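Open your viewer and get ready to select things as we go.

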Amino acid sequence: MENLAMHISNGIINGPVAALFAVIALVAMALAVHRGRQDLDDRLAPMAGLVAAFIFAVQMLNFPIFTAGVSGHLLGGALAAMLVGPWVGALCIAVVLVVQALVFGDGGVAMLGLSITNMGVIAVAVAYLLIALLLRVLPRTPAGLAVTAFVAALVSVVVAAMGFVLQYWLGGTADLGGNLAGLAGTMAVSHLFIGIGEGLITATTVVTVAKVRPDLVYALRARKPVSPASVPAVGGVR
Amino acid sequence: MGAGHAHVLYRESDSPVHRLPPEVKIAAMVAFTVAVVATPRAAFWAFGAYALMVAVVAALARVSPRWLLTRSAIEVPFVLFAFALPIIGAGERVDVLGLSLSTEGLYGAWNILAKGTLGVWASLLLAATTTTRDLIVGLDRLRCPQIITQIATFMLRYLDVLVGEARRMRVARISRGDDPRFLWQLRGFAAGIGALFLRAFERGERVYLAMLSRGYTGRMPAVWQGAGAATTGQWLVAATVPLLAGTVAATAAVLT
C-alpha cells in the first residue's frame, strides 16, 4: 500500500483561515451526525462502512499535476451521496479524511477543516443537489442513472477543486500575485480530467449496484415507497 | 483478513510510547501540530526545536529516523509545489545562484516544507505506535460521536475485505486467460469495479449480520473501552510534548 496521496498539507493555508474552515466543517459535521442518525439503519450501516473503505482505496489513486506541483485524486463525494445519502455520505468522507490524516500522515491535521469542507461538505452537497434534480428530469432507466452519476461526480469534483482555490485566495501562505488565476486554471483543467475518471467509476459502480440490489441505492430509495426491510431488524444499531 | 488489526505503518514494539493510551497520543499529536502551524514562519529556531522533540519521541518509541524519512515521501507532491513557489511567487526578488527568486515565495516554500514535514512526522509517530483498533478506542474515549466511530470501524474492517476480494477477482481473471498488463487491464478493471463493490458489500453484510448475532450494538465490546483508559499521570506525561511546543510557539510569536 505505497501511496503518495496527499491532501492539503500543514502550512499551505494560514492559521486563521484554517480555523474558520474548521468551524464550518465542525458545524456541518454536527448537522450530518444529527441527521445521519435517522438514516443509519441495518442496511445502511455496513454500506456506509464499505463506501468509506471504497473511497479510502480510491483516494489512493493519485494524479500529480506537475505544472504546479499540486496533486489531484478521486474524491468519491458523488458515490457517497448516491449510495448512502448526503448526511451519512458526508460523514463517510470525513471519516476517510480523519483516518488518513491520523494514521497515514496524509494531509495536515491542522488543515482537516479545509479538506472536510471541500470534499465532505461542498462536493457531497453539490453532488446530492444534482442527483436530486437529474433523477427528476431524466428517464428512470439505467442510462438515466448512469448520466446522473457521471454528471454529479464530474461537477462535484470541479467545484470542490474550486473550494481549494477559494481557500488559497483567502489565506494562502505564499502570495502568488497574478498566478492565482493560473492555479485556478490548473486545478480546473486537471480536475476536469479527474472528474471524468471519477464520473466513469461512479456511474459503473452505481449502475451495477442498482441493477442487482436497487434497495441499496439511497438516491433511488427516497423516491419509492420504502420496501420492508429484508434484514431482521435488530435494535441498538444507532 | 487474518492480519489482525495492525496496518502497514504500525511498528510492533513495546516502548513507553506504545504503552500510552491512544486517546492521550491523539490529543498530544493534534495539539503539537496546531502549535507548529501557529508558529510564525520566520522563527527558524522554533522549527529546529520541534524537530528535536520529534526526534526524542521517535527515539523513545524505537522508530528509526530512516523509517520516518522514507515514509515522509507521502509529502512529495506538496514539496514540488513548495519548490515552484520561489519561481512563480510575487513580490521583491533576490538573486540566488544566478536565479531571480521571490523572497515571498522562498518564505512560503520554507513554511510549507517545515510545517508539512513536522506534521507528517507527528502523524507517522502516532501511526507507528497505535493500532487501528486502538485508534478507534481512542476516538471513542475522546467523546467522538458513535456514528462516526461506527463508520470508521467498518471502514477499517472492510478495507481488508475489499483488498482480499479484489485479489481474488484478479486471480480469477488471470486464470481465465486474461492478460493482466496495464492497458489490457483497463477494460476489465472498469467492468470489474462494480462487481467488486457488490461482492465486497455482500461479504461485508454477512460480517455485519454475524456481528449483530453475536451481540454487537453499535459499540465495540466493553472490554475494549474500560481497561486501560488514561490516568491523570499518563495525560501529564503525554502533555509534556505539546506543552513544550506551545511554549516554543508562544515565544516565537512574541519574538517576531
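Start by selecting residues 235-255 of chain B: this span is 100% helix and 0% strand, and its end C-alpha atoms are 30 Å apart. Helices here are DSSP runs of H or I with at least four residues, strands are runs of E with at least two, and both are numbered from the N terminus. What you are looking at is a predicted model, in which local features need a pLDDT of at least 70, side-chain atom pairs count only at pLDDT 80 or more, and totals for chains, interfaces and linings use all residues. Residues are numbered from 1 along each chain as its sequence is written, while chains are lettered from A and ligands numbered from 1 in the order in which they are written.

**Stop 1: the listed spans of chain B**

An unreviewed UniProt entry lists residues 42-61, 68-88, 108-128 and 235-255 of chain B under "transmembrane region". UniProt positions are given in the numbering used here, feature names are shortened, and annotations may be inferred rather than shown by experiment. Now select residues 108-128 of chain B: here too the chain is 100% helix and 0% strand, with 30 Å between the end C-alpha atoms.

You will find 11 helices and 2 strands, in the order α-α-α-α-α-β-β-α-α-α-α-α-α from the N terminus on.

**Stop 2**

Two packed helices are described by the angle between their axes and the distance between the axes. Axes are lines fitted to C-alpha atoms, for helices over the stretch in contact, and angles run from 0 to 180 degrees between N-to-C directions.

Select helix 3 (residues 44-60) of chain B together with helix 11 (residues 232-255) of chain B. They pack at an angle of about 175°, with their axes 10 Å apart. That makes helix 3 of chain B roughly antiparallel to helix 11 of chain B; the cut-offs are under 35 degrees for roughly parallel, over 145 for roughly antiparallel, 65 to 115 for roughly perpendicular, and oblique for the rest. Which residues of helix 3 of chain B and helix 11 of chain B make the contact? Helix 3 of chain B brings Ala46(B), Ala49(B), Tyr50(B), Met53(B) and Val57(B), and helix 11 of chain B brings Val241(B), Leu244(B), Ala245(B), Val248(B), Ala249(B) and Ala252(B). (Two residues are in contact if their C-beta atoms, placed from the backbone, lie within 7 Å.) By class, this contact of helix 3 of chain B with helix 11 of chain B has 11 nonpolar, no polar and no charged residues. Ala, Val, Leu, Ile, Met, Phe, Trp, Tyr, Cys and Pro count as nonpolar, Asp, Glu, Lys and Arg as charged, and the others, Gly among them, as polar.

Next, select helix 2 (residues 22-38) of chain B and helix 6 (residues 103-129) of chain B, which pack at an angle of about 175° with their axes 10 Å apart. Helix 2 of chain B and helix 6 of chain B are therefore roughly antiparallel to each other. Residues in the contact include Phe32(B) and Val36(B) of helix 2 of chain B and Leu118(B) and Ala122(B) of helix 6 of chain B. The contact of helix 2 of chain B with helix 6 of chain B divides into 8 nonpolar, 4 polar and 2 charged residues.

**Stop 3: an enclosed helix**

Pick helix 7 (residues 132-141) of chain B. Of its 10 residues, 9 are buried, so helix 7 of chain B is largely enclosed by the rest of the structure. A residue is buried if 20 or more other C-beta atoms, placed from the backbone, lie within 10 Å of its own, exposed if 12 or fewer, and partly exposed in between. Among the buried residues are Asp134(B), Ile136(B) and Arg141(B). Just after helix 7 of chain B, click on Arg143(B), which takes a positive phi of about 65°.

**Stop 4: over to chain A**

Chain A has 7 helices and 2 strands, and 59% of its 238 residues count as buried. Select Asn10(A), in the segment before helix 1 (15-39) of chain A. Is Asn10(A) buried or exposed? Asn10(A) counts as buried, because it has 29 C-beta neighbours inside 10 Å. Leaving aside neighbours within four places in sequence, its contacts include Gly108(A) and Met111(A), as well as Thr33(B), Val36(B) and Lys115(B).

**Stop 5: colour by confidence**

Colour chain A by pLDDT, the predictor's confidence in each residue, from 0 to 100. Chain A averages 77, and 78% of the residues score at least 70. Confidence in chain A is lowest in strand 1 (residues 62-65), at a mean of 51, and highest in helix 4 (residues 112-137), at 88.
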